[in-house]
Amino acid sequence: MRSTSRETTTGNALRDEAVPSGGGVNEDANRADASRVTNKRDRDGDRRLLGVTGLKNYVQHGTKLMADEGEYGELELAKAGAKGVRVRQHVNPLTSRFQEQAPAPTWTDAFDDVTRALTIDVGCAGGRFDLLYAKRNPERNVLGVDIREPLVERGLSWGEASGVSGNVHFATCNATVSIGEWIKNYQSNGAEVELVTILHPDPHFKKRHRKRRIVQERLVRSLAEAMKPGTRVYLQSDVEELTEDMRDKFERYGEGCFDLDPELYDVDDVREKAAKAAEAPVEKTENDGEDDGWRSTWVHGGWLSENPIGTPSERELQTLGEGLPVFRVMLRRTENVANQ
Ligand SMILES: C[S@@+](CC[C@H](N)C(=O)[O-])C[C@H]1O[C@@H](n2cnc3c(N)ncnc32)[C@H](O)[C@@H]1O
């Protein structure tokens with residue numbers, strides 16, 4: 001496993017914060033969404049930054065994640081002397097350097113065995129999820145992707161430190177732009193990308209920043225084109241509005257290439273409920289007159305109550321630890337041919 005990062009964050013200011021003692025993390029991209037703690041909105045609909053209590057919880061959470069006990073304990077990162085990293089809080093994916101297709105990793109350098117099915121975790125941040133998922137699933141390869149290069153470098157070093165490296169790799173790119181081609185590239189040697197996870201991506205609440213969200217029409221279309229029938233996309237967030245937005249974009253722009261995973265949902269029942277709802281008069285919505293008449297069918301499937309992949313993400317643990325809900329959707333690539 002070695003770095004294949006090609007996009008640098010050189011020139012970007014680092015966040016001026018101390019790494020919490022015990023090597024806890026301070027890398028999280030979007031503390032603003034931790035308004036789950038303050039739960040206040042300002043007039044623009046944006047969220048306020050963490051208050052003092054939220055910050056304290058956050059630092060404690062980082063220290064806990066690094067401890068050799070609890071969910072990530074089996075990685076033994078503290079014992080290996082793994083350290084946190086200081087990174088820029090935000091990277092703007094719309095800048096020109098992130099709009100270019102990044103070259104795919106050299107798979108033979110990344111993994112011991114490139115014939116294994118691959119899981120791609122988009123927006124991997126701390127990387128502990130990827131390391132643990134790889135450790136628990138030695139028959140699979142796992143690629144953690146993040147737009148912030150220091151996190152990718154750290155993921156690589158933590159892989160070495162925790163002895164999980166033959167089937168896990170980290171790489172930098174703007175996933176919205178590059179991931180479809182990376183999937184095709186991996187599959188070009190006959191192996192399959194079986195699962196793409198998008199876990200707790202940055203919510204970018206401000207209307208003018210919504211285009212910075214990872215899940216855009218472009219990403220959905222590229223996944224529809226690249227992924228094989230039967231493979232899965234797993235969406236999860238602690239922000240309901242964001243999970244709805246991701247789910248709706250897959251339903252809308254996937255044009256029949258994705259459906260709720262029939263192993264986890266009663267899809268006939270979902271369609272029946274959607275048909276009934278379509279007969280009812282449309283309720284007035286508070287959407288600034290932007291309603292174009294599109295209605296979700298998948299909304300009638302509700303949220304999955306449990307994580308179906310068996311390994312929690314860092315943000316998921318933090319959220320559940322605070323007694324807050326997590327919103328989950330599993331999709332499956334259908335047999336439909338994607339519109340190019
Ligand atoms: C809140 S963190 C995700 C946390 C992690 N997945 C979890 O569940 O614990 C969101 C991550 O997405 C990354 N990110 C944002 N936009 C991205 C993009 N376009 N491509 C790749 N990564 C992106 C950020 O750098 C950040 O590390």
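**The ligand shell and the buried strands**

The shell around the ligand is made up of 8 nonpolar, 5 polar and 6 charged residues. In this count Ala, Val, Leu, Ile, Met, Phe, Trp, Tyr, Cys and Pro are nonpolar, Asp, Glu, Lys and Arg are charged, and the others, Gly among them, are polar. The model is predicted, so local features need pLDDT of at least 70 and side-chain atom pairs count only at pLDDT 80 or more, while totals for chains, interfaces and linings use all residues. Residues are numbered from 1 along each chain as its sequence is written, and side-chain values use heavy atoms, with hydrogens and water left out.

Of the 19 residues around the ligand, the nearest are Asp146, Asn174, Leu199, Ser313 and Arg315; a residue is near a molecule or strand if one of its heavy atoms lies within 4 Å of it. Helix H6 (175-187) and helix H10 (314-321) each contribute at least two residues to the shell. Helices (H or I, at least four residues) and strands (E, at least two) are DSSP runs, numbered from the N terminus.

Polar contacts are pairs of N or O atoms within 3.5 Å; within protein, one must be able to donate a hydrogen and the other to accept it, and residues adjacent in sequence count only if both atoms are side-chain atoms. A nitrogen atom of the ligand lies 2.8 Å from a polar backbone atom of Gly123. For Ile147, a polar backbone atom is 3.1 Å from a nitrogen atom of the ligand. In the case of Asn174, an N or O atom of the side chain is 2.7 Å from a ligand nitrogen atom. On its own the ligand has 600 Å² of accessible area, of which the protein covers 96%. Accessible areas come from the Shrake-Rupley method with a 1.4 Å probe; for residues, only the protein chains shown count as cover.

The protein contains 10 helices and 7 strands. Of its 340 residues, 52% count as buried, where buried means under 20% relative accessible area, exposed over 50%, and partly exposed in between (1.4 Å probe, protein chains only).

Strand S1 (residues 118-122) has 5 of 5 residues buried, so it is largely enclosed by the rest of the structure. In a regular strand the side chains alternate between the two faces of the sheet. From S1, Leu118, Ile120 and Val122 point one way and Thr119 and Asp121 the other way. S1 runs parallel to strand S2 (residues 141-146), to which 5 bridges join it; strands pair if DSSP finds at least two bridges between them.

Strand S5 (residues 232-237) is joined to S7 by 6 bridges in an antiparallel arrangement, with Ser237 opposite Phe327. S6 and S7 are also antiparallel, joined by 3 bridges, and Leu260 has Leu331 as its bridge partner.

Leu331 is buried, with 0% relative accessibility. Among the residues that Leu331 touches, not counting those up to four places away in sequence, are Thr231, Phe250, Asp259 and Trp298; contact means heavy atoms within 4.5 Å. The buried residues of helix H7 (residues 217-226), including Leu219, Val220 and Leu223, pack against H6, strand S4 (193-199), helix H8 (240-253), strand S6 (258-260) and S7.
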